[in-house]
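We will go stop by stop.

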Amino acid sequence: MASVGKDILIRTLPVPISLVGQIIGKKGANIKEINDRSGARCWVDNTKIVQGCKMLEISGDLESVTKAKQIIESQLGQFKMQNQSSGAENRNIPDFRSGKKGKKGKKKKNRKAKHEVFEREQHNDIVDVSDEEGDEEVRVNDEEIKKGRSSCRVDGSFCDRSGEPPESLKVKQTNNVEEHKERERRLREEDERLWDRREVAAWTRANMRGLEESKKYSVGCATTTVCSSTGRVELLSYQRLAEIGTKHFKMFKEQLEKENYELWRKQAGEDWRQLMMKANTAMEKNLCKATANYNAAFHGAKNAKDTQIARSLARNLLVSYSYLATRVRESGRMDVYCQAVDSFKLMIEMGGNDRTWLYPGGDRRGVVDIFVEMVEDVGMLLPSLGVKTREMVQLGEKFMGRLDRWTTCEEERKCLGLARLRQGEAMFNKAAMAMGEKNYTDALYLFQEMYSV
């Protein structure tokens, strides 16, 4: 069958009704062999007949569809030639009931009948016995016919005296047709669901957060309140902001678990696209609200020197940034990573001598673990950005330059070293691509910048 990673194509091929049975084969053996050889899925649509032909549908990737079409067209040509040659042979066989040869056949038959009459006259005792047995056989056959017992056709299939198949065979044939229709229906539904899932992936890529070609992305402001006495807009306490951020992040996680095509289809049926769009908008709103409130709460707790709450908020803030960055357009994704770097530097400065909260161990990821994953993502993102070479270098330096190369903090030095390594790899890969395209100016520039990293 066609692999999921390739685009699925559907082609139709007209097949004359007289050749449909040969294409399908006995119990579907021939069409199954075509499917196995080509990797495509072929089936005959028995509901449509166009100009004496039924439509054979071929679905799969381009290579498998092309191969299946070649095999079927070759077999159709062979079947047509075989049918024409067999028809010509049948026309060349003389008819025993016409022409001179037919008359000779009748004369031979008459002479044989006269010879049998002469033998019967010579052997009356034998003739009487044979006549009685013949009459008895005729009577038995008549009784069987009257009782409606089934007899056997020339082709081996059973029928009753009216020439129709028995009821049990009719039921079996009906069941086979219904099973075939049900199987074809299920296959069509599977193909439809596969295309729908691809539509979901394409829509998600085309509707990521942020404005097109914008290099900035803002999560908005934290929740505020209006003072009843002064009428001014004031920021809530960092404890309250932390609660609001946690509330929105939990809502985002619940929606993330329900981000499933099958669930949308089950809930909304054919209107699943509207449900998908509404869910995507709600997820973006909750994640931005959580990030904004966590950021404001972290700065508030840090200024209030509430170390325990600040450390917990620092981790939650980095987790929010990690979810947010992968859902923002590539043009504005580097801005999200730069915001995460600024927050990470404040977290490192707040650490003091206690480093256990940076590396908690076990299954729980620490602040350093989360930031290291971001650095790896930036290393893969830089070469894939659809920007000019110099702009790519500037974006990488904008991210790396936020980390202090002269810091005394061991964690920051390790993260900076990894970031520089990934930046160098990205520049080398970009330079290799430029050399392959014979763009020696960009390649030379990138090699020069690599020495300054």
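**Stop 1: a patch on the surface**

This is a predicted model. Start with F447, which counts as partly exposed because its relative accessibility is 31%. F447 is found in helix α15.

**Stop 2: the largest nonpolar core**

Which residues touch the most other members of the largest nonpolar core? Select F371 and F399: they hold that place among the core's 66 residues. Several helices supply at least two residues each to this core, including α7 (238-257), α9 (272-303) and α12 (367-384). Next, show what surrounds F371. Leaving aside neighbours within four places in sequence, F371 is in contact with V341, F344, F399, L403 and C415. There is also a second, separate core of 18 residues; V20, A40, V65 and L76 are among them.

**Stop 3**

Select helix α8, residues 261-268. Its buried residues are Y261, W264 and R265. Why do they sit on the same side of α8? They do so because they cover an arc of only 100° around the axis. Now color K266 and Q267, which are exposed on the other side of α8.

**Stop 4: a network of charges**

Side chains of opposite charge can pair when their charged atoms come close. In this model, the count of salt bridges comes to 21.

Stay with R265, which is buried, at 15% relative accessible area. R265 forms a salt bridge with E270, and their closest N and O atoms are 3.0 Å apart. E270 is exposed, at 53%.

Move on to R273. This residue counts as partly exposed, because its relative accessibility is 28%. R273 forms a salt bridge with D196, with 3.8 Å between the closest N and O atoms. That pair links distant parts of the chain: R273 is in helix α9 and D196 is in helix α6 (residues 167-206), 77 residues apart. Is D196 buried or exposed? D196 is buried, since its relative accessible area is 6%, under the 20% cut-off.

R273 also meets E199 in a salt bridge, at 2.7 Å from N to O. E199 in helix α6 and R273 in helix α9 are 74 residues apart.

Finish by selecting E192, D196, E199, R265, E270 and R273 together: they are linked in a network of salt bridges.

How values were computed. Residues are numbered from 1 along each chain as its sequence is written. This is a predicted model: local features need pLDDT of at least 70, side-chain atom pairs count only at pLDDT 80 or more; totals for chains, interfaces and linings use all residues. Side-chain values use heavy atoms; hydrogens and water are left out. Helices (H or I, at least four residues) and strands (E, at least two) are DSSP runs, numbered from the N terminus. Buried means under 20% relative accessible area, exposed over 50%, partly exposed in between (1.4 Å probe, protein chains only). A nonpolar core is a set of buried Ala, Val, Leu, Ile, Met, Phe, Trp, Tyr and Cys residues joined through side-chain atoms within 4.5 Å. Contact means heavy atoms within 4.5 Å. The arc is that of the directions from the helix axis to the C-beta atoms. A salt bridge is a side-chain nitrogen of Lys or Arg within 4 Å of a carboxyl oxygen of Asp or Glu.
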